Amino acid sequence: MIEYIYSSRRASPRSIRIAGLVAAAASATGCINDDIELYEARVRGRVAAASPTAITGTLHLQFHHQMSAGRGALAHPLGEIDRRQVAAVTLPVDIDETLLYPTQAGQGLIVYGWLDRDGDGILCAPGQVDEPAGAGRAADFPSHSLTVDLALTQPCAGAERLYP
Amino acid sequence: MDKTRTLGSVFRHGLCGLWLLSFIGSSGCDTPRGVEYLGKRLPVVDMHLHPGEWEGIPDDTKKVIGSRFPFPFGLTAKQTAGGILSAEGILAEMDKGGVTQSVLYAVYAPRTVGITTNEWVLADTQKAPERLFGLASLRVDMFQIDRDAELARLRSALSHPSMIGIKLAHAHQHFRMDDPLYFGIYQLAAELKKPVYLHTGSSPFPGTSSEPPYTDPTYLEEAIKRYPGASFILGHLGYDFIDKKLGALDACIRLAKAYPNVYLEPSALGSRGSDPTGENLRQAMARMREAGLVDRIIYGSDGPQSPGFVRDYLYRTVSALLATGYTVDEAQAVLAGNFARVFNVPALK
């Protein structure tokens, strides 16, 4: 049976056991005893750009493990957990996002962001304007309430360019 | 009439392989290597095979791979994969398909498809050095910290004559195709005259980067321009493996027409799973030929994947070549000649 273990912000981790369909599906696929432990974390902070003038666009956020788990050499930096978009923002802007963090899949938390200035959904498509990106580490993770500030100072940089 | 006879010949070859499958452990049949094409037997080089260890693959990807094995192989995915991923298993799959020579890929993609080391690939090539070659690769997940060390490791791996090129997969290894931080790889390729194979297009494996800077070969253009001495082989023709569409084929063709150091490799996209009717592979072959790029196409399958895949993919490709009017000389170029020229590897008689 799959067991989803969910940690609330106020209580110690408690288990939410999802029986019925999940168990049947697990039995059918052979995925027995796969436990997924999710840790709820609220991430707040300020996202700013290097530009002294206000820039606007859609803010793309990605949440990564700082280091993903894996057998031996399969461990690696980063590993996306979730992503969000905040439309029509003008930097600097405050963020407030709640994340369900899979604890067994890795450790630490990196927040990566970039601003989609031209609205094409692509960071720095050929021939388009440079778009700023930045990343920050949640220094006080694990905690249910985190502060991460992002400085979008690196044009066209993917998350892999900003950490490690 | 010629076409019918040739397809029949290839198909009989396939039946021989199926017969082998049904008698596991029996020795191979005596069918000569290569394929008959319009009455002429042609050698075949499969420039894209993956050796390795089942344990070198992340768990989520193992599930995807295991689900693709035809029944009943999926029930014992670990044993099945272990059998066909070894050098001996790959040689057996090549023999089933009539493949003359192959290229084995090292992979360093811990987040997606796993790790097969340069040392592993080199050791495999030495089991049959006249038939097996290798592409080396490198880790890039800490490249800002260890770039020089990784490039030195790559250089060392490429010093062996059996290691004839470099394998990269931006989507699986998570680095942008246009990021100059990684251009030292192309510089090394140009210096050593070792072609670079690049996965282009999307990928069905968990954890893959799916955004265009990691999948669309358009983002390679700056590197292609900056390193004319490096050969860039655009793997999978930019295929969209999620929606089973030709994806970035137009971009691949445009780049190959614009730059003489660009080559095209149509592996995986024409498989039963990714192109059930074979129409996408036929279209791709037709459009590359119409664009005058036959001398840039290098055959690969992306096997062994599952038992019989290497043979099946060759059959589907030869069928597509026939259906789209490739002459004997053109088919010979696609199946072996272009590979020999680009990699400077003598064809095995």
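How many residues of chain B are in contact with chain A? The count is 19 residues of chain B against 16 of chain A, where contact means that C-beta atoms, placed from the backbone, lie within 7 Å. Keep in mind that this is a predicted model: local features need pLDDT of at least 70, side-chain atom pairs count only at pLDDT 80 or more, and totals for chains, interfaces and linings use all residues. Residues are numbered from 1 along each chain as its sequence is written, with chains lettered from A and ligands numbered from 1 in the order in which they are written.

- On chain B's side, β6 (114–116), α6 (143–158) and α9 (212–215) each supply at least two residues; helices (H or I, at least four residues) and strands (E, at least two) are DSSP runs, numbered from the N terminus.

**The sheet in chain B**
- Seven strands make an open, parallel sheet in the order β3-β4-β7-β8-β9-β10-β11, and strands pair if DSSP finds at least two bridges between them.
- β3 (45–49) and β11 (262–265) of chain B sit at the edges with a single partner strand each, so one side of each has no neighbour in the sheet.
- β7 (132–136) and β8 (163–168) of chain B pair over three bridges, in the parallel sense.
- A136(B) has I166(B) in β8(B) as its bridge partner.

**Helix packing in chain B**
- The axes of α4 (87–97) and α13 (309–323) of chain B come within 7 Å and cross at roughly 35°; axes are lines fitted to C-alpha atoms, for helices over the stretch in contact, and angles run from 0 to 180 degrees between N-to-C directions.
- E93(B), M94(B), K96(B) and G97(B) of α4(B) meet V310(B), R311(B) and L314(B) of α13(B).

Conventions
Contact = placed C-beta atoms within 7 Å.
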